[in-house]
Amino acid sequence: MALSIFFHLLFILFSVSPSNAQSFIGVNYGLLADNLPPPSETAKLLQSTSIEKVRLYNADPSIIKSLAGTDIGIVIGVANGDLPSIASDFNVASQWINSNVLPFYPASNIILINVGNEVLLSNDLNLVNQLLPAMQNVQKALEAVSLGRKIKVSTVHAMTVLGNSEPPSAGSFAPSYQAGLKGILQFLSDTESPFAINPYPFFAYQSDPRPETLAFCLFQPNPGRVDSNTGIKYMNMFDAQVDAVHSALKSMGFEKVEVLVAETGWPSTGDNNEVGPSVENAKAYNGNLIAHLRSMVGTPLMPGKSIDTYIFALFDENLKPGPSFERSFGLFKPDLSMAYDIGLTKTTSSQTSQSPQLGKATSMGWCVPKEDATQEQLQDSLDWVCGQGIDCGPIMPGGVCFEPNNLVSHTAYAMNLYFQKSPENPMDCDFSKAARITSENPSYDSCVYPRAGDGTINGETNKYVTSDKSTEKNGSKCSCSLSLPLFIIFISFFFNFPNLRIM
């Protein structure tokens with residue numbers, strides 16, 4: 001029996017690969033604009049990217065139909081105004097499914113139905129009271145056509161449902177929402193559906209516009225923030241917000257309910273009096289978010305996995321009300337060109353010999369600490385890099401670059417590994433002005449500092465830089481990467497079965 005379990009675990013270990021790690025990257029497809037390209041052209045655009053899921057705020061039939069045969073996961077939505085009728089009459093819910101799901105599924109890969117959007121934020125008690133019954137009727141309608149286990153049902157919440165989010169381990173729902181949420185959470189638990197939330201580090205920065213807060217929100221080098229309860233140091237706001245939601249779920253007894261990020265993003269433009277919007281910040285946030293998700297490092301309270309995340313938004317929406325930045329979240333322009341490049345374009349076949357995350361080959365050089373970098377800057381940079389999914393194993397005890405065992409040497413190796421992900425971007429070798437690019441190879445003995453374009457990026461870096469897809473020289477996917485959580489399971493097996501020996 002023990003030997004059977006061993007081989008089962010061994011199969012899992014060697015079959016899990018980052019090559020399938022794109023499925024958690026999604027995008028919101030809003031329609032509040034009068035200059036959007038046709039759905040058919042948008043479908044082609046999506047297929048040219050690594051975006052695997054699309055969230056709609058309604059159930060637009062032309063868009064759903066345009067995505068048929070693409071295998072792109074589609075999230076559709078029930079409008080808030082439809083909740084009362086669906087909640088009060090199962091037949092209305094059934095008709096909604098008959099009109100918005102059955103004509104398209106399974107050719108169009110509908111995976112989730114969001115019943116309402118930020119309903120609790122409306123403070124409309126009648127609407128709030130209709131939310132759970134509406135979700136239940138939609139679920140029953142799906143079950144009536146044998147789709148109850150194939151398409152999930154949820155609803156989307158604003159971060160304001162949390163009464164407390166700092167520190168993350170003390171996250172809890174606002175008392176005024178807890179009674180209504182309990183039934184919803186029980187429904188999500190029973191149906192194994194996700195809790196959908198809209199975390200926006202952008203708004204956190206707007207309420208605290210300090211430079212260190214901006215770096216924390218943009219996944220850039222920063223001192224980090226320590227959770228006073230757990231001692232965990234958080235290196236970015238996204239992880240802190242998501243873990244606060246996880247803690248809130250745990251406090252209500254629903255720790256196993258999955259967290260889904262329904263919206264997050266950063267605007268590229270805004271009025272002069274609006275703090276935060278810029279192309280540089282939008283590119284940094286969304287690009288670093290994607291790199292963080294692809295790393296599979298997870299969050300401190302949910303390690304070793306990536307949260308399904310839908311970036312807001314696919315296009316700018318020029319008819320959206322509110323401050324000007326609300327109309328400037330788009331990743332792409334109406335002419336289908338990129339607003340800015342965050343590495344979403346699929347790697348062409350001629351590039352499959354390198355990881356998509358490593359960027360274009362260049363001979364720019366290596367990234368190393370500046371001579372006047374302080375110990376605090378070095379430590380902060382080292383902590384940040386090793387928290388971004390970069391494998392710092394080579395500078396750990398026993399690693400080929402552990403000696404000399406000092407902060408400067410370890411930080412130099414880590415900085416360079418991070419820089420080589422996108423060496424055409426000098427800003428990735430900034431580290432709050434603590435690093436510089438050098439043309440002198442810092443490699444020594446058996447410790448090789450990789451550089452894109454010199455042949456080491458394919459051979460050495462792929463062993464240390466976690467990426468979304470690893471490929472062998474012949475272009476075939478490698479499926480033998482080991483994730484840390486599964487490795488821990490593997491090791492734990494031998495502690496639990498000390499008498500088992502492989503002969």
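Guide: Phenylalanine 329 is buried, with a relative accessible area of 3%. Buried here means under 20% relative accessible area, exposed means over 50%, and partly exposed is what lies in between, with a 1.4 Å probe and protein chains only. Before we go on, please keep in mind that this is a predicted model, where local features need pLDDT of at least 70, side-chain atom pairs count only at pLDDT 80 or more, and totals for chains, interfaces and linings use all residues. Residues are numbered from 1 along each chain as its sequence is written, and side-chain values use heavy atoms, with hydrogens and water left out.

Now to the rings. A pair of aromatic rings is described by the distance of the centres and the angle of the planes. Rings of Phe, Tyr and Trp (its six-membered ring) count as a pair if their centres lie within 6.5 Å; planes under 30 degrees apart are stacked, over 60 edge-to-face, and the rest tilted. There are 19 aromatic pairs in the structure. One of them joins tyrosine 200 to phenylalanine 203, edge-to-face, at 5.3 Å centre to centre with 65° between the planes. Phenylalanine 203 is partly exposed at 35% relative accessible area, whereas tyrosine 200 is buried at 10%.

Helices (H or I, at least four residues) and strands (E, at least two) are DSSP runs, numbered from the N terminus. Both residues belong to a cluster linked by ring pairs, whose members include Phe202, Tyr205, Phe219, Phe238, Trp266, Tyr285, Phe312 and Phe325.

E8 and E14 are members of a closed barrel of 8 strands that runs E1-E2-E3-E4-E5-E8-E11-E14 with parallel pairing. On average, and with direction ignored, neighbouring strands of this sheet are turned by 25° against each other. Strands pair if DSSP finds at least two bridges between them; E8 and strand E5 (residues 152–158) run parallel and are joined by 3 bridges. Histidine 157 has isoleucine 197 of E8 as its bridge partner.

Helix H5 (residues 90–100) touches strand E3 (73–78) and strand E4 (110–117), and the direction of H5 makes about 140° with that of E3. Contact means heavy atoms within 4.5 Å. Axes are lines fitted to C-alpha atoms, for helices over the stretch in contact, and angles run from 0 to 180 degrees between N-to-C directions. Helix H11 (residues 279–294) lies across E1, strand E11 (259–264) and E14, at about 160° to E14. Tyr285, one of the ring cluster, has a number that falls within the range of H11.

Aspartate 71, in the loop between H3 and E3, has a positive phi of about 70° although it is not a glycine. At 59% relative accessibility, aspartate 71 counts as exposed. Most residues other than glycine have a negative phi, and most peptide bonds are trans.

Finally, a step back to the chain around this part. The chain has 15 helices and 16 strands. Of its 503 residues, 50% count as buried. Among contacts between residues at least 6 apart in sequence, 73% join residues at least 24 apart.
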